[in-house]
Amino acid sequence: KGNGSVPDDHTGFSGINVIEGELLLKGTAARAEDTVFDVLNCDWRIGQNTAVSADPVFTLDHATLDARGTHCALGYGTYVTTGTKSATLNLRNGAWFHGNSLFCGSCASGFSGNPEDNVYTRIHASGGSTLETDYNLNLCYHHKGWGEHLFEGGSAVLAKLGVGVEVRYPIRAVWDSGSVLAATRTDGVCTPTKLATYNGATGQMTFRNGSTFYVNSFKHDNNGDFKLSFDGGTWDACGDMDFVFRYADKLTIEATGAGLTLPPAAGQTYRMASKISGTGGLVKTGAGTLAFVPRERLDAKTGTTPEAMDDPVTWGFDGTLEVREGTVTVANGCTREGALPVKVSSDAELRLASASDVTLLIDLGYSEESPMPESLLGKPIRLPIAYDGVLPVNFAKWRVGPTGVPRAKARLTAEDGAVFVTVDIRGMSIIIR
């Protein structure tokens with residue numbers, strides 16, 4: 001058309017259409033924001049029609065693309081019959097891609113064989129780049145191949161609160177090395193976005209090495225296996241959040257390696273009714289409250305009513321529960337097999353419900369290299385662990401980790417909701433009074 005515009009109904013050809021090979025827009029100014037490419041009244045297509053000899057790639061390098069009035073379709077209509085033709089969006093060296101919406105795999109067709117073997121769309125953001133959408137970011141949409149994405153080097157995915165982030169088909173997405181998924185980021189301060197997964201949305205989203213998942217609304221309308229994995233990653237809701245979801249038996253929240261951090265701030269409560277599994281541990285920061293309750297799910301019919309699950313365990317992770325700040329509460333019914341390793345800062349508190357059946361293995365934070373000070377030996381020390389009402393039923397099974405003092409043993413006592421440890425150079429005994 002005269003002004004380059006196209007119908008906003010996915011029926012017309014766009015003004016900018018990468019069919020095969022690479023289109024590179026590169027800035028040469030000192031700052032990425034000093035080179036601005038404006039796209040007005042025309043939509044983008046990366047991979048439309050038939051890709052025969054080369055994957056369609058669009059790369060934005062050290063520059064800004066202002067496409068707020070447009071939609072971008074990554075992998076639109078690429079016809080795949082053999083092998084894999086992948087549509088790719090690269091953002092490098094502080095690039096900033098700002099559009100109204102981005103659909104990965106929009107209107108794709110033509111898969112043969114097993115569609116789950118195909119990687120259909122890729123996004124790779126690095127070097128502190130930003131992918132921002134004002135309305136809808138769909139990381140895998142309208143096809144049955146994989147969306148495979150990597151955001152690294154402090155990059156940001158900002159999905160403002162129109163639709164937020166959607167996943168409809170298989171995905172492998174990783175946020176690495178301090179990258180974030182959020183709604184907005186201003187002067188380093190992020191606000192949370194929302195995530196929705198629908199039937200077909202199998203796969204995994206991973207946050208590792210200091211990356212953060214800023215999400216306070218997660219609509220899990222997906223009866224397929226889906227995983228949120230954290231390895232040195234954080235889930236920050238930036239406010240109260242009830243961690244209970246539909247089809248909870250198909251959702252895995254996993255802590256591996258350096259584990260998962262949950263940071264409710266002062267006055268905020270995270271109510272944890274979902275199971276956290278994996279080989280890693282859980283770190284609680286922030287002055288707010290993390291409240292463990294027996295596992296629940298939302299009913300399958302309406303997705304609004306909480307229901308108890310046959311498996312009540314919410315802390316199924318193998319690593320240590322480390323309470324650095326604030327309070328962690330544990331309701332009755334929160335049980336698990338074996339002892340739970342815990343490490344609680346003196347400025348924090350772990351509080352158990354009356355007659356809790358949890359067995360604790362308490363890490364005092366000492367070692368041979370950094371032993372308990374001699375001035376504390378032989379004295380009862382109040383631990384930052386408490387209980388309401390009746391003494392925990394497995395208190396006699398509680399154990400204390402290393403003190404760093406040769407031949408020293410610990411004895412635990414409990415009185416009026418408080419727990420004490422006394423370390424001396426004698427045999428070990430546990431006294432309950």
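This is a predicted model: local features need pLDDT of at least 70, side-chain atom pairs count only at pLDDT 80 or more; totals for chains, interfaces and linings use all residues.

Residues are numbered from 1 along each chain as its sequence is written, and side-chain values use heavy atoms, with hydrogens and water left out.

**The sheet**

- Eight strands form an open sheet with mixed pairing, in the order 24-27-30-34-36-38-41-40. Strands here are DSSP runs (E, at least two residues), numbered from the N terminus, and two of them pair if DSSP finds at least two bridges between them.
- At the edges sit strand 24 (241–243) and strand 40 (409–415), each pairing on one side only.
- On average, neighbouring strands of this sheet are turned by 25° against each other, direction ignored; the axes behind such angles are lines fitted to C-alpha atoms, and angles run from 0 to 180 degrees between N-to-C directions.
- Strand 36 (residues 349–352) runs parallel to strand 38 (residues 381–387), joined by 3 bridges. Here Arg-351 stands opposite Ala-386.

- Strand 41 (residues 418–424) is largely enclosed by the rest of the structure, because 7 of its 7 residues are buried (under 20% relative accessible area; over 50% is exposed and in between is partly exposed, using a 1.4 Å probe and protein chains only).
- Both faces are covered: Ala-418, Phe-420, Thr-422 and Asp-424 are buried on one side, and Val-419, Val-421 and Val-423 on the other.
- Strand 38 pairs with strand 41 in the antiparallel sense over 3 bridges, with Ala-386 opposite Ala-418.
- Strand 40 is also an antiparallel partner of strand 41, over 7 bridges, and Ala-410 stands opposite Val-423.
- The hairpin of strand 40 and strand 41 has 2 residues between the strands, and Asp-416 takes a positive phi near 50° there.

**A buried threonine**

- Thr-197 belongs to strand 18 (residues 193–198) and is buried at 0% relative accessibility.
- Leaving aside residues up to four places away in sequence, Thr-197 touches Val-167, Phe-218, Lys-219, His-220, Asp-221, Asn-222 and Phe-226 (contact means heavy atoms within 4.5 Å).

**The cysteines**

- The whole structure has 0 disulfides (cysteine sulfur pairs within 2.5 Å).
- Cys-190 is in no disulfide either, with the nearest cysteine sulfur, in Cys-238, 7.6 Å away.
- Cys-72 is buried at 2% relative accessible area, and Cys-190 is buried at 10%.

Terms used: Helices (H or I, at least four residues) and strands (E, at least two) are DSSP runs, numbered from the N terminus.
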